[in-house]
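Please look through the structure shown below, then read the paragraphs that follow.

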Amino acid sequence: MGVYFGNYCYVMIIVLVLGAEVRSQSLKNGYYSTSCPKAESIVRSTVESHFDSDPTISPGLLRLHFHDCFVQGCDGSVLIKGKSAEQAALASTGLRGFEVIDDAKARLESVCPGVVSCADILALAARDAVDLSSGPSWTVPTGRKDGRISLASKASNLPSPLDSVAVQRQKFQAKGLDTHDLVTLLGAHTIGQTDCQFFRYRLYNFTVTGNSDPTISPSFLTQLKTLCPPNGDGSKRVALDIGSPSNFDVSFFKNLRDGNGILESDQRLWSDSETNDVVKKYASTIRGLLGFRFDNEFGKAMIKMSSIDIKSDVDGEVRKICSQVN
């Protein structure tokens, strides 16, 4: 996402896929119920305050959590500042929402110093951001520890808008996430945004002859060319779900069905037989159960993703300031 989620099972599982370990045995629901009873409500009120002034902070927080989990696990390493830290990676271009996490952390430190990890704040904030955008809510298992290492060089495994479905599948499988999780988590693009520079080639330069991507519907192609002219500002932001950009719903999947996907990597989900079946399920009014199926399965996929490579007391800590290790 710059667009990713970008430009996301249950708690007591251990999954080992392609050498990537999902360790969630240290997580549990209500982890702070005794040590910091108001932890989740403080995070919620902080996110809500920022959301009220800028609703577009929701996809920012969701993408921030996604990036955190895909690079060295859900350990808050994406929040660490530094010239060679994850934030400096090209794939991290456009990441936002750091001020929300910092704000929540400051409030928590004043009430429960040294108790609530930045990684947990990020996981909770992502859930609250979806909920505030008319999406589902789910119980977030907590107990993550913050990592001590953040390297831009480790961000090369993040999904790209140029990825084929096979490459996307490989990247997700390396994190213990299957094809169903892949499609479900990419559904977060229903409230996402991207820059013209990440898809303009589809409009004017998709082939050597300069034609447009044939998978884009003609009417939508005209609309996109108006939004992103050939010599226009490449950093101009465009909603990934133009129909309902601020609502977390299934219109993203209907867009793919109708040839109205903005990112090539998203639209390709419709042309692959395995991912197509999942997209159809969510896009269908009957099979999708009026959107309830996606809401339910998105929460499950988020719990699974937010359990990737959890740090323990041995290899982690609870940072006092989220942007720097203790």
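Lys105 and Glu109 are both buried, where buried means under 20% relative accessible area, exposed over 50% and partly exposed in between (1.4 Å probe, protein chains only). The model is a predicted one, in which local features need pLDDT of at least 70 and side-chain atom pairs count only at pLDDT 80 or more, while totals for chains, interfaces and linings use all residues. Residues are numbered from 1 along each chain as its sequence is written, and side-chain values use heavy atoms, with hydrogens and water left out.

A salt bridge is a side-chain nitrogen of Lys or Arg within 4 Å of a carboxyl oxygen of Asp or Glu. Side chains of opposite charge can pair when their charged atoms come close. Because Lys105 and Glu109 are four residues apart in helix H3, about one helical turn separates them. Helices (H or I, at least four residues) and strands (E, at least two) are DSSP runs, numbered from the N terminus.

Glu297 and Lys281 form another salt bridge, with the closest N and O atoms 3.4 Å apart. This pair links distant parts of the chain, since Glu297 belongs to helix H12 and Lys281 to helix H11, 16 residues apart. Both Glu297 and Lys281 are buried. Salt bridges with shared partners also join Glu40, Arg127 and Asp128 into one network.

How many salt bridges does a search of the whole structure find? The search finds 22. Lys311 has a relative accessible area of 11%, so it counts as buried. Asp75 is buried as well, at 1% relative accessibility.

Ser117 lies in the loop between H3 and H4. Its relative accessible area is 0%, so Ser117 is buried. A polar atom of the Ser117 side chain lies 3.1 Å from the backbone nitrogen of Asp120. Apart from neighbours within four places in sequence, Ser117 is in contact (heavy atoms within 4.5 Å) with Tyr32, Arg144, Lys145, Asp146 and Val318.

Helix H10 (residues 264-271) also has buried residues, namely Glu264, Ser265, Asp266, Gln267 and Leu269. Among the elements that cover them are helix H5 (165-173), helix H9 (251-257) and helix H11 (273-283).

Now the domains. The assignment gives domain 1 (38-154) and domain 2 (165-305), with bounds that come from an automatic or database domain assignment. Their centres, taken over C-alpha atoms, are separated by 24 Å. In the interface, 18 residues of domain 1 are in contact with 17 residues of domain 2. The two domains bury about 1,500 Å² between them, 76% of it on carbon and sulfur atoms; buried area is the accessible area (1.4 Å probe) that two parts lose on being put together, summed over both. Across this interface the rule finds zero salt bridges. On the side of domain 1 that touches domain 2, H2 and helix H4 (118-132) each give two or more residues. The largest share, seven residues, comes from H2.

Technical notes
Polar contact = N/O pair within 3.5 Å; in protein donor to acceptor, adjacent residues only side chain to side chain.
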